[in-house]
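I opened my notebook to jot down what I looked up in this one. Here is the thing itself, and my entries come after.

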Amino acid sequence: MRKLLLMLMAVFLVSAFAFGNGKQESQNTETESTESQKETTEITFLCSSVKPYDTAMPKMIQKFESENPNIKVKLEQLPTKNIWQMVEVKLGAKESVPDVVFTDAPLVTAYAVKGYLEPLDSYFSSDELSQYLDVPLKACTYNGKLYAAPFQNSSQLLYYNTDMFDAAGLKRLSKDPADRLTWSEVVDLAKKLTIDSDNDGTPEVFGLGISQISRPYQMLTMPESLGGKAISDDGLSVKGLLTDSAWKQSCQFISDLFNVDKVAPKGVSASDMLAYFPSGKLAMLIGPDYNIRAYSQLKDLHWDYAPYPYFKNGKPVTPTGSWSLGINKYSKNKQAAMKLIKFLTLTPACVDWFYMDGHLPTNKNTFTAIDNDSKFKEWPFNVFDLLTYESNNTAVPRPMTPGYLEYESILTNAFDDIRNGADIDTTLSNTEDQIDRSLAKYR
């Protein structure tokens, strides 16, 4: 009996140990699972939905998540204006999402003043910051603090139809920035290239198109080429600036393109203007650098490129600026958000992004990769030699002001009026007063 009892006790102890050990293992598994769940962070990324972002960005996010398995990215892609609206609604209400925000370069200052963005200086090492080009980095800085990381850049070129040049007996244009055309030389060419076969006053082919004819991004380069200023140094006034001789001369030139020389088409939107050139309705086009990719795929379009024009006795000034990436000041996942920003904007992933996207980069190491790729030694992708020069020597960012959206809206209307023949002095005077009143609330 005693032997039997001992055997039963042994069985009981083994069973109890097994049960207890199994329970402990179960608890350990549950604990590990809970800890794993706690370690997984989800961040929301508000991003542009236009091409190629719509297909390229999900691929980059997939790569990021594979390298950072404890971070999941919820990608919200919207058109540009909807991004601006979303930022005002969400960050204006101090909501914690989105965590990472696509921020147009001239809006960085506005968002910093409004308290929407987290200062990023403490997140970056000096070596990391040294990867960015100076001008995009400056555009992301306000009052000595960095509020966004440069992600994309941009520039502009003079595209021209080589068949039309040949038919008119005109010499091909130089790609050397030292030989860039003046605006008056461009108009002389445009007159020779404008074709109105039936003399009905509406040319079948216009000599020149300017892709963003009403947008400050494009048009500020004209008064700036003549030494004019876009805004005061503190970004809070335009008093006496928009009515100076540089602005009057450049705006008269814009008006004459449409109303005196009549070499440029009226009433064509920026997006439609880009399509005018390959359709054969334009002999020359001032347009964005990223058109290179699209135009290179059109076998029936024979074209080439040249540097952006400038005013004689002035200096070359080219447009620049595009998207940067900021962190919502109210985000609860700033470390994870910063990992995504560094991934997208620093080496090596910034190089991967360039090959998917094709826009002018902001990272110096991407330019090094371009220099080492034989593809970019051949036309038309050798354009990056010129674009690199412009980025380092002639690029001027848009005004850094907390009232940029108001500034842009009022000035866009003014450029539209000037294109349609409005009196220059009156238009500039009224525009100056309107912008100054709109900026008063930020002083």
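Which residue forms a salt bridge with Asp 166, and how far apart are the closest N and O atoms? I found Arg 172 as the partner, with the closest N and O atoms 2.8 Å apart. I noted what counts as a salt bridge: a side-chain nitrogen of Lys or Arg within 4 Å of a carboxyl oxygen of Asp or Glu. Side chains of opposite charge can pair when their charged atoms come close.

A note on where this comes from: the model is predicted, so local features need pLDDT of at least 70 and side-chain atom pairs count only at pLDDT 80 or more, while totals for chains, interfaces and linings use all residues. Residues are numbered from 1 along each chain as its sequence is written, and side-chain values use heavy atoms, with hydrogens and water left out.

I counted up the list, and the structure holds 18 salt bridges. Next I checked how open the first pair is, using these cut-offs: buried is under 20% relative accessible area, exposed is over 50%, and partly exposed is in between (1.4 Å probe, protein chains only). Asp 166 is partly exposed at 41%, and Arg 172 is partly exposed at 43%.

Then I looked at Asp 304, which forms a salt bridge with Lys 175; their closest N and O atoms are 2.9 Å apart. This pair links distant parts of the chain, 129 residues apart: Asp 304 sits in strand 10 (residues 303-306), and Lys 175 is in the loop between helix 7 (162-167) and helix 8 (183-193). For the record, helices (H or I, at least four residues) and strands (E, at least two) are DSSP runs, numbered from the N terminus. Asp 304 counts as buried at 11%, whereas Lys 175 is partly exposed at 29%.

I traced an open sheet of 5 strands in the order 2-1-3-12-6, with mixed pairing. Two strands pair if DSSP finds at least two bridges between them. Strand 2 (71-78) and strand 6 (149-150) are the edge strands, as each pairs on one side only. Strand 3 (residues 100-104) and strand 12 (residues 323-327) run antiparallel to each other, over 5 bridges. I picked out Phe 102, and its bridge partner in strand 12 is Leu 325.

**Entry: one side of a helix**

Which residues of helix 17 (residues 383-393) are buried? I wrote down Val 383, Phe 384, Leu 386, Leu 387, Glu 390 and Ser 391. They cover an arc of only 155° around the axis, so they are on the same side of helix 17. The arc is that of the directions from the helix axis to the C-beta atoms. Asp 385 and Asn 392 are exposed on the other side of helix 17.

**Entry: a serine in a loop**

Is Ser 214 buried or exposed? It is buried, with a relative accessible area of 9%. I found Ser 214 in the loop between strand 8 (206-210) and helix 9 (216-219). Leaving aside neighbours within four places in sequence, Ser 214 is in contact (heavy atoms within 4.5 Å) with residues including Leu 411, Phe 415 and Arg 419.
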